[in-house]
Amino acid sequence: MPQTRIAGIGYYVPSNVVTNNDLLKYMDTSDEWIQERTGIKERRYAHRTDETTTTMGVEAAKIAIERAGITKDDVDFIIFATISPDYYFPGCGVLLQRAMKIKEIGALDVRNQCSGFVYALSIADQFIKTGMYKNILLVASEKHSFGLDFSTRGRNVSVIFGDGAGAVVLQPTEKENQGILSTHLHSDGESAEILAMFNPGTHGNHWVPEPVADFADAPIGEMFMSHEMIDKAQNFPNMDGPAVFKKAIVKFPEVIVEALEKNNLKASDLHLLIPHQANLRIAQYVQQKLQLTDSQVYNNIERYGNTTAASIPIALCEAWEQGKVKEGDLVCLAAFGSGFTWGSALLRW
Ligand code: COA
């Protein structure tokens, strides 16, 4: 059975740099608070009208396709991971297919939040291993700047997130000991509301910790997204940051060790760990727990913030461009996020 390798990789971030101090225009925060708690110095925000989750994904995809030495006409399946899609439906997969004028192949949308890329990679891996597809284009892109509460009320969430896109082309390889060695996916829906965006949704106040509106009296149709929800700023993400932090520092190391053990490897064998860029303090904790050196972990959250599904492919691409990932290197990708969902992928470059 062939293994799956990353044949081409690319990323795109908007040119608009937004520093921590720039956020002072909108909310009561400080550069010091943000850097100390998260490690973030700046992030990118997409152009309000000219750039979307899909258009950023297209830019990253073009680079990945070129680097894979193929053309868009060779792509036989599209997977698009995002939680900030251009439309509620249809998903960005078909929008990317249309924008890139790719033929009528399948397009799948994955919405697994910060674990989206790892989940999508695992899906692609199954399709490649079984021989169903030969050139899967996997894109992860987020335009968070369009859906955050920029008032002081939303500051614990809004300072963290940024926009950007990453893409890979996945192909089969018959080379021994090359490509994805294993992927490991997990979830725990018990904590779904700890990091969630409830609206628009069909929950009718079920599950939601604080009822968002009086649905009983809402005119039919307004239950999905009412004026009241917007007035109360209930159309933005909610997060219990400390609770996310506590769970993340347990599950990140756990799922990395799971991948290593599955392959009879140790943390010291890793050339590079690319953790999802949630918070620099989380990444540093994981590094310490696994006793990894600075050169074994790649972080770029200080420049981009948390770009959710896009963070791993952006970081992996940067690391590769900087010569930090070379043929034969053992690379671990690990993610944790809303759901909670988490996962890892171990690969030999
Ligand atoms: N600027 C200034 N003050 C802020 C702030 C901001 N942007 N956001 C929150 N605060 C304040 C709070 O209001 C609170 O004030 P109070 O003590 O007067 O009530 C104080 O800072 C501490 O808030 P808390 O939420 O306990 O801070 P924290 O140390 O846990 O840091 C996070 C907050 C969000 C940075 C941290 O919890 C975190 O990173 N969690 C993980 C989040 C994550 O990774 N999410 C993505 C998952 S993929």
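Entry 1: Before I start, one term: a polar contact is a pair of N or O atoms within 3.5 Å. I also remind myself that this is a predicted model.

With that cut-off in hand, I looked up Pro242, and one of its polar backbone atoms is 3.3 Å from an oxygen atom of the ligand. Next I checked Asn279, where a polar side-chain atom sits 2.5 Å from a ligand oxygen. Then came Thr29: a polar atom of its side chain lies 2.7 Å from a nitrogen atom of the ligand. How much of the ligand's accessible area does the protein cover? I found 72% of the 950 Å² that the ligand has on its own.

**Entry 2: the shell around the ligand.** I got 22 residues surrounding the ligand, and the closest are Thr29, Arg37, Cys114, Gly241 and Asn279. Sorted by class, the shell has 12 nonpolar, eight polar and two charged residues.

Which elements give two or more residues to this shell? I noted helix H1 (31–38), helix H5 (155–158), helix H7 (241–262) and strand S12 (330–337). H7 has the largest share, with four residues. I also looked at domains: domain 1 (3–173) and domain 2 (179–193 + 238–348) each give at least three residues to the shell.

**Entry 3: the largest pocket.** A quick reminder to myself: rolling a probe the size of a water molecule over the atoms shows where empty space is left. For the largest pocket, I wrote down about 1,400 Å³ of space. Its lining is made of 43 residues, and those nearest the centre are Ile83, Pro85, Arg111, Met197 and Asn199. The elements giving two or more residues to that lining are strand S5 (106–110) and strand S9 (195–196). By class, I have 21 nonpolar, 17 polar and five charged residues in the lining.

Entry 4: I placed Pro200 in the loop between S9 and helix H6 (227–231).

Where is Phe340? I found Phe340 in the loop between S12 and strand S13 (341–348). The peptide bond leading from Gly339 to Phe340 is cis too, with omega near -15°.

Last, I checked Ala233, in the loop between H6 and strand S10 (238–239). Ala233 has a phi near 55°, which is a positive value in a residue other than glycine.

Terms used. Residues are numbered from 1 along each chain as its sequence is written. This is a predicted model: local features need pLDDT of at least 70, side-chain atom pairs count only at pLDDT 80 or more; totals for chains, interfaces and linings use all residues. Side-chain values use heavy atoms; hydrogens and water are left out. On a 1 Å grid over the protein atoms alone, a cavity is a set of points where a 1.4 Å probe fits but cannot get out, and a pocket is an open set with protein on both sides within 12 Å along at least five of seven lines; lining residues have an atom within 4 Å of a point. Grid points are joined across faces, edges and corners, and a volume is the space filled by probe spheres set on the points. Ala, Val, Leu, Ile, Met, Phe, Trp, Tyr, Cys and Pro count as nonpolar, Asp, Glu, Lys and Arg as charged, and the others, Gly among them, as polar. A residue is near a molecule or strand if one of its heavy atoms lies within 4 Å of it. A polar contact is a pair of N or O atoms within 3.5 Å; within protein, one must be able to donate a hydrogen and the other to accept it, and residues adjacent in sequence count only if both atoms are side-chain atoms. Accessible areas come from the Shrake-Rupley method with a 1.4 Å probe; for residues, only the protein chains shown count as cover. Domain bounds come from an automatic or database domain assignment.
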